[in-house]
Structures are given as structure tokens and as C-alpha cells.
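Me: I've got a structure open here. Can we walk through it together?

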Amino acid sequence: MSQIPVTIKIDAQLKEEAQKLAKNLGLSLSAIVENKLRQAVQERRIVFEEPLIPNARTAKQLRAIEADVKAGRNLSPAFSTIADLETYLNKL
């Protein structure tokens with residue numbers, strides 16, 4: 001398989017960090033880029049993800065849960081057997 005050069009424009013800091021990563025992995029930056037392009041072609045998709053941000057109601061519930069965990073409230077005990085778990089659940 002013959003290889004040809006490809007020129008792309010990227011942020012200088014991104015290139016530097018990517019080159020360090022590649023070096024730490026024992027790879028060239030070209031190998032990483034080629035691998036990702038192969039993956040995109042094979043899967044016929046490119047994934048861009050945005051972090052999940054809970055809505056106000058969910059965020060409020062998560063804060064309440066975190067407070068309960070920190071205070072040791074509303075927590076079930078640890079169970080050694082399934083029978084112990086079933087007994088606990090049946091008493092609720």
C-alpha cells in the first residue's frame with residue numbers, strides 16, 4: 001500500500017500535545033491520524049460528543065443524593081448473600 005502526504009491545519013498546541021502522546025505510545029503522529037481515519041471509514045461515522053449536563057431538576061436531585069451519601073442517610077447496608085438482600089427488600 002502506497003502512502004501519500006496529507007496536509008492539515010491544526011492548533012499548534014494541539015499538535016505538540018498529540019506528538020507527545022504519540023511518542024509516549026511509541027507511535028508517530030501519522031500513525032495515530034491514519035488509525036483514526038481508518039476507524040472513521042470502517043465504521044462510516046465520526047463521533048463528536050458533548051458532555052451531559054443535567055437539567056435543573058436532575059441537578060437538584062443529584063445534589064440531594066450527594067448530601068445524603070456524605071451524611072450517611074438513605075443508604076442500604078452491604079449484603080453478603082442474595083437471601084440477605086431479599087430479606088431486607090421484603091421488609092421495606
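Reply: Just after α3, Gly 72 takes a positive phi of about 75°. Helices here are DSSP runs (H or I, at least four residues), numbered from the N terminus. The model is predicted: local features need pLDDT of at least 70, side-chain atom pairs count only at pLDDT 80 or more, and totals for chains, interfaces and linings use all residues. Residues are numbered from 1 along each chain as its sequence is written, and side-chain values use heavy atoms, with hydrogens and water left out.

Me: What sits at the start of α3?
Reply: A side-chain oxygen of Asn 55 comes to within 3.2 Å of the backbone nitrogen of Arg 57 there.

Me: And Asp 68, buried or exposed?
Reply: Asp 68 is buried, at 17% relative accessible area. Buried means under 20%, with a 1.4 Å probe and protein chains only. Asp 68 lies in α3.

Me: Which residues does Asp 68 touch?
Reply: Arg 73 and Asn 74, leaving out residues up to four places away in sequence. Contact means heavy atoms within 4.5 Å.

Me: New topic. How much space lies in the largest pocket?
Reply: About 690 Å³. Of its 21 lining residues, the closest to the centre are Val 6, Ser 30, Val 33, Glu 34 and Leu 37. A pocket is an open set of points on a 1 Å grid where a 1.4 Å probe fits, with protein on both sides within 12 Å along at least five of seven lines; lining residues have an atom within 4 Å of a point. The volume is the space filled by probe spheres set on the points, joined across faces, edges and corners.

Me: Which element gives the most to that lining?
Reply: α2, with 10 residues.

Definitions and conventions. A polar contact is a pair of N or O atoms within 3.5 Å; within protein, one must be able to donate a hydrogen and the other to accept it, and residues adjacent in sequence count only if both atoms are side-chain atoms. Helices (H or I, at least four residues) and strands (E, at least two) are DSSP runs, numbered from the N terminus. Buried means under 20% relative accessible area, exposed over 50%, partly exposed in between (1.4 Å probe, protein chains only).
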